[in-house]
Amino acid sequence: MIIDAAFRADPYPTYAALREAGPIHWSEEFFGGAWLLTRHADVEAVLRDAVRFSAQRTGGWVMQSRAARSELMDFQQLFARAMLFLDAPDHTRIRSVLNAGFRNDVLQQFAPAIGQRVDALLDAVDADAGFDFMQALARPLPAEVMAMLMDIPAADRGDFIAWSDDLATFIGAPIPSLEQARRARTSLLAMSGYFEQLVPQRRHASGDDLVSRLLRAEAAGDIQPGAELLAQCAMLLFAGHETTRNLLGNGLQALLADPVSWQRLQREPALLPGAVRELLRFDSPVQYTGRRVTADLVLHGRQLRRGDLVVALIASANRDPARHAEPDRLDVARRPGGLLSFGAGPHLCIGAGLTLMEAEIVFGRLLRRFPRLQRVDAQPRWSGNAVYRGLGALPVRQA
Ligand code: HEM
């Protein structure tokens, strides 16, 4: 697998070639070497198998060089405490605290406010003259929604976006540079500091926001004070940005590139919930994730050693013809079962329901308000991040 400019512009031919060549490949392009899994069945099986494949994988990532070890130690210690990188029982304990904040009835309470913010952001654009969809909506909205769920000021969204971008650049680099690691460290510590100064004021609050829930769990002994608490706050603030932004951007880009689909959704709005899932399948906002092998094992005839890194190519799995008929065709009426864009198993994205709700609100509004929306550029402007595939800009206008 070669991560070059052509791959960053369109990774799907590479994934198809890898899938056809076999289910598992060794690649030196990831953190000193990793096993790449290309097929739907294997990606799903690995993500569901938390016994043989551990989510604890930040060490080699952050501590890439001896020179960086002492400098990045505080970054690694905080980063590694986020639930995303933990196994049972710690993962299970923290996840059950947070699950309550993402229940459907809780999320539904936010739907009207999200709709209002989407309308306000769209009121501010001049669709006839043209606007950049990423700048006008896809970048600010996810930050504002996370601010609502955490009950923190949306006015700070500029900081949230900048910190999240630094972390995303680091996570998205198959072999991060020292500079990228340093910037990610500074931003993660800034996020943690932000919540640290918020905690004393929030400690006795009885609200239903995610920070108050974590603090009540801390008081009950279910979350450890200090790094564990702050790591979850930072993870929540970060996790919903680049991902949701890229679903909105990649999704609109795919729909406008295929006017038949765009028009069909206008005629048949009931298709929208399924169409959002299809957009997630078609161009996955998280292209891959990783796991560490917990004990030597043989997979498709290859010997995997304890500690080896496995890269589960979610975006390839979503285009596996063994799972999805005509996988390279966008079909807004498809009901894509076995969607892996939110992962699978114990770490299945906790924000999936929120994301689906947010995306349906955005695409619903766009279809109604701007039925003749068109792309301005002939070629999409991909940002080039290998994990968080998305657009740097998406200029559009109403014809
Ligand atoms: C398009 C939007 C999104 C996509 C594609 C996405 C994708 C994913 C994926 C693939 C995972 C699993 C990673 C793994 O197993 O290694 C995950 C986990 C997670 N996501 Fe999302 N995500 C999205 C939006 C969000 C939002 C809005 C939040 C907001 C709270 C969020 C919070 C999380 C958290 C906290 C985890 C860790 C869950 C755990 O470890 O149990 N995500 N997400």
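## Helix 12 against helix 14

Helix 12, which spans residues 178-202, and helix 14 have axes that come within 9 Å and cross at roughly 115 degrees in this predicted model. Two packed helices are described by the angle between their axes and the distance between the axes. Angles of 65 to 115 degrees count as roughly perpendicular, and helix 12 and helix 14 are therefore roughly perpendicular to each other.

The crossing of helix 12 and helix 14 is also right-handed. On the side of helix 12 the contact is made by L188, M191, S192, F195 and E196, and helix 14 contributes L230, C233, A234 and L237. By class, the residues of this contact of helix 12 with helix 14 comprise seven nonpolar, one polar and one charged.

## The shell around the ligand

The ligand is surrounded by 23 residues, of which G240, T243, G343, C349 and G351 are the closest. Two or more residues of this shell come from each of helix 14 (227-239), helix 15 (241-256) and helix 19 (352-369). In terms of residue class, the shell holds 13 nonpolar residues, nine polar residues and one charged residue.

Five strands form an open sheet in the order 1-2-8-5-3, and their pairing is mixed. Strand 1 (24-27) and strand 3 (53-54) stand at the edges and have a single partner strand each, so one side of each of them is left without a neighbour in the sheet. Strands of a sheet pair through backbone hydrogen bonds, either parallel or antiparallel. Strand 1 and strand 2, the latter made of residues 34-37, pair in the antiparallel sense over four bridges, and W35 in strand 2 is the bridge partner of W26.

Helix 3, formed by residues 40-48, lies across strand 2, strand 3, strand 5 (289-293) and strand 8 (309-312), and helix 3 runs at about 125 degrees to strand 8.

## Backbone exceptions in two loops

Most residues other than glycine have a negative phi, and most peptide bonds are trans. Against that background, the peptide bond that joins A88 and P89 is cis, with an omega of about 5 degrees, and P89 is found in the loop between helix 5 (69-79) and helix 6 (90-99). D151, although not a glycine, has a positive phi of about 55 degrees, and D151 is placed in the loop between helix 10 (140-150) and helix 11 (157-171).

Methods. Residues are numbered from 1 along each chain as its sequence is written. This is a predicted model: local features need pLDDT of at least 70, side-chain atom pairs count only at pLDDT 80 or more; totals for chains, interfaces and linings use all residues. A residue is near a molecule or strand if its C-beta atom, placed from the backbone, lies within 6 Å of it. Ala, Val, Leu, Ile, Met, Phe, Trp, Tyr, Cys and Pro count as nonpolar, Asp, Glu, Lys and Arg as charged, and the others, Gly among them, as polar. Axes are lines fitted to C-alpha atoms, for helices over the stretch in contact, and angles run from 0 to 180 degrees between N-to-C directions. Angles under 35 degrees count as roughly parallel, over 145 as roughly antiparallel, 65 to 115 as roughly perpendicular and the rest as oblique. A crossing is left-handed if the near helix is turned anticlockwise from the far one by less than a right angle, and right-handed if clockwise. Two residues are in contact if their C-beta atoms, placed from the backbone, lie within 7 Å. Two strands pair if DSSP finds at least two bridges between them.
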